[in-house]
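Morning, everyone. Please bring up the model, and I will walk you through it.

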Amino acid sequence: MYRTYVRYWDVALPSSLLAEPEPFDDLPPEECPAPLAITLSPVRTVPTLAEAARRVRPTTLAVERTLPVVPALAGLFLDGLRRGSSIGVSGPGARSLAMALMAGATSAGSWAAVVGDPDLGLVAAGEAGVALERLAIVTAPEPSAWGDVVGALVGSLDLVLVAPQHRVGAATVRRLMARIRERGSVLIRVGDGPWPDSFDLALTVVDGSWEGHGSGHGRLRLRRAEVVATGRRAAARERSVAMMLPSPDGSPVPSEQPGSG
Amino acid sequence: MTEPVRTLVVRCPDWPLTALGVALSDPAVVLTAGRVVAASATVRATGVVVGQRRRRAQGMCPEAVVLERDEAVEARWFEPVVAALSDITPWVEVQRPGTCAFGVRGPVRLFGGEVPLVGNTAAVVRKALDETLGEGTYPGCLIGVADGPFAAGLAAGLAARSVDGKAVLVPAGATPGFLAPFPVSALERPDLADVLVRLGLTTLGTLAALPVADVVGRFGSEGLDAQRLARGLDGRLLQLAGQPPDLAVGIEMDPPVERIDQVAFAARSLAGSLHDGLARRGLACRRVVVEAETGHGERLVRRWRDEGAIGAAALADRVRWQLEGWLNGPPGVRPTSGLVRLDLVPEELVNAGSHQAGFWGGATAADERALRALNRVAAMLGPGSVRVPEWRGGRDPAEQMTLVPVPEGPVAGSVDGPIPVVPHPPDGPPWPGAVPAPSPAAVHAEPAAVDVLDAAGRTITVDGRGVVSAEPVRLRQGGGAGAGVISWAGPWPVDERWWDPSRHSRRVSLQVVSDDGLARLLVLEGGSWRIAATYD
């Protein structure tokens, strides 16, 4: 009954009564239509849980949602290495590219772990710019423990590079990705084997060619290669950069003619 | 400023060994986290010291039995000693299993002087030890009396070397002079001591002589605490102004709990809430009273002291130890019914002090988190499974870097950064003949054999002058046609360590780019070619 009454006023109230009184309104105050400023919809003073959470959540700057990358790779990313994403690296030269990916973030203070790639060339990693004092090498766990080990690492380290030699289950990867998104780390998978999930960003090294050597003379000096990135959502447009991977001193350097591969 | 409380410390030397049932004449070391925490006298005579790594200790004394520390057992065996001391004073504080302390002001009146008090204490402890461990198996405790528990603890440590054997009494007021010659490592703050020694402050006396303002300015609250200890004062200033209401926490257990694991579970959550309550007011406590009560009204009260402000997990452990000793004790001691109540009462509140990363290097929060995770993974996968790179130097990509196990335990505040290894080539002598940059991105742990063939299908050889027998044309791994060679460079002969027959290595390396798009580093050694590395 009450509700109907309110509705009635709500609908039938002339808009003039809600506005400022007319200057020529000569009615005595007591005859004015009663206090119309009553709140017809109750003001909600208790915020919902979601609102409270939004209010107390610390501000995250855009730069904190990404990890830095070296200039040679900047063209592959929209802003930087997005936290909470997965990256697949494949093609001949995948390890060099993975090192280049780790270089920017580790030299800015992030930690990286390599799980199950005993062959990773540490000297090359150092030359590529990876801060070796923040790099840990983890031996390949048993397939049954793989998910737990990688899960423990992604919870605390910014970059985790995996090269599983076994088929990783879809449920394991789903759990892992949920944790990565929650903790804001980045998973880099090196290699061409099957992966049960599509990567947020897939990087492939193509058209690699070595320079500096001939038939019994010279030495390997640099490799010109093109890196192609395809991704999901915002990164769906295919991008590619040409670079020296590695350059004569071992670091990844953008090619002289960008985009020409 | 509060006066330091005149304190008597009872210390049972080599307690971790005794608790594990080692006779003092047997050679044995007790380890925790890979480091020595106690060693029997015969082992110490060979040069093994507390804090050494396991391997080094074993190297010095191979016949020693290596045991893992068990603090719960230590606490359980120590419980009768603490119970016996309750006859002298109810205010016994256990610092850790094997060491306890009490203020002498009350009992000294009862016994009429500190010397009779020390004698009585020694007799009481002696009797308790004989009853638990067996007559004459343990040489007895050490006793130190001084102003403040820190100085009394050091005095007890000295007692082993004193003339009459078992006790050192530092006269009232003489404590600062007593402390002065001790090295700063006696503060048991390794990071701080390390810096102090580098600054030329090697003894507590030199630290105590510094102006307070300078110490605070340079080392903050940690330095202030250390200097107060060095001056013979209490470590931290007590929070006396405006005692906050009641920070004690307690839990009623209904039905009565008889199993130790259930009590420990309750203690853990209780310790957590005690800490939350303290932390909310920015406080920590130096002493915690643990009170347990059974359904028949029996009460067990113990005081635990820890200068480093007791953490929640450590406190839960202490509650567990204390109750284990009680619930599993001999029939006369054991309570006759289950526990119905457990209380934790914080005493001697101090300002918690803010946690601040040291400015002399050390680890950041991210480093600590990462190392904790790596240590956890190492625990899951076994020792040596998580490693960090260390520069060794060499000519081969495989030997330039080696992997060492990730450091164990807390590394916060290691002086040289998060991991004390050398990850980069130091500016030392070069390695002529090393494989030049760029280095291969994949260095094979187990190099695979490969046939390097010339146009006629013969294996390429390299003569003593470093000349290849023919141009390499094809690489073949196992069966199959293999990959064609696009270009190659080399050979580069290396003849290393010819003076050492066991490590002598003579080899030739060759860089080869094949038509599968890969560049490889091939090594000929002992007549066979192997793929040492791939330029992935």
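I will take the interface, then the strands of chain A, then a helix pair in chain B.

Ground rules. Residues are numbered from 1 along each chain as its sequence is written, and chains are lettered from A, ligands numbered from 1, in the order in which they are written. This is a predicted model, so local features need pLDDT of at least 70 and side-chain atom pairs count only at pLDDT 80 or more, while totals for chains, interfaces and linings use all residues.

Start with the interface. 47 residues of chain B are in contact with 47 residues of chain A. Contact means that the C-beta atoms, placed from the backbone, lie within 7 Å. Which elements of chain B each supply at least two residues to that side? There are helices 14 and 15, and strands 13, 14, 15, 18, 19 and 21. Helices (H or I, at least four residues) and strands (E, at least two) are DSSP runs, numbered from the N terminus. Helix 14 of chain B gives the largest share, 10 residues. By class, this side of chain B has 32 nonpolar, nine polar and six charged residues. Ala, Val, Leu, Ile, Met, Phe, Trp, Tyr, Cys and Pro count as nonpolar; Asp, Glu, Lys and Arg are charged; the others, Gly among them, are polar.

Now strand 5 of chain A, residues 135–138. Two bridges join this strand to strand 13 of chain B, and the two run antiparallel. For strands to pair, DSSP must find at least two bridges between them. Val138(A) stands opposite Val386(B). Ile137(A) stands opposite Arg387(B).

Buried means 20 or more other C-beta atoms within 10 Å of the residue's own; exposed means 12 or fewer, and partly exposed is in between, with C-beta atoms placed from the backbone.

Strand 5 of chain A also pairs with strand 4 of chain A, residues 112–115, in the parallel sense over four bridges. There, Val114(A) has Ile137(A) as its bridge partner.

Next, strand 8 of chain A. Four bridges join it to strand 3 of chain A, running parallel. Ser90(A) stands opposite Thr204(A) in that pair. Strand 8 of chain A pairs with strand 9 of chain A too, antiparallel, over 10 bridges. Those two form a hairpin with four residues between them, and Gly216(A) in the turn has a positive phi of about 85 degrees.

Over to chain B. Its secondary structure comes to 15 helices and 21 strands. Of its 536 residues, 38% are buried.

How do helix 4 and helix 6 of chain B cross? Their axes come within 9 Å and cross at roughly 145 degrees. Axes are lines fitted to C-alpha atoms, for helices over the stretch in contact, and angles run from 0 to 180 degrees between N-to-C directions. Residues meeting there include Trp77(B) and Leu85(B) from helix 4, and Val124(B) and Leu129(B) from helix 6. By class, that contact has nine nonpolar, one polar and two charged residues.

That is my tour.

Note on methods
Two residues are in contact if their C-beta atoms, placed from the backbone, lie within 7 Å.
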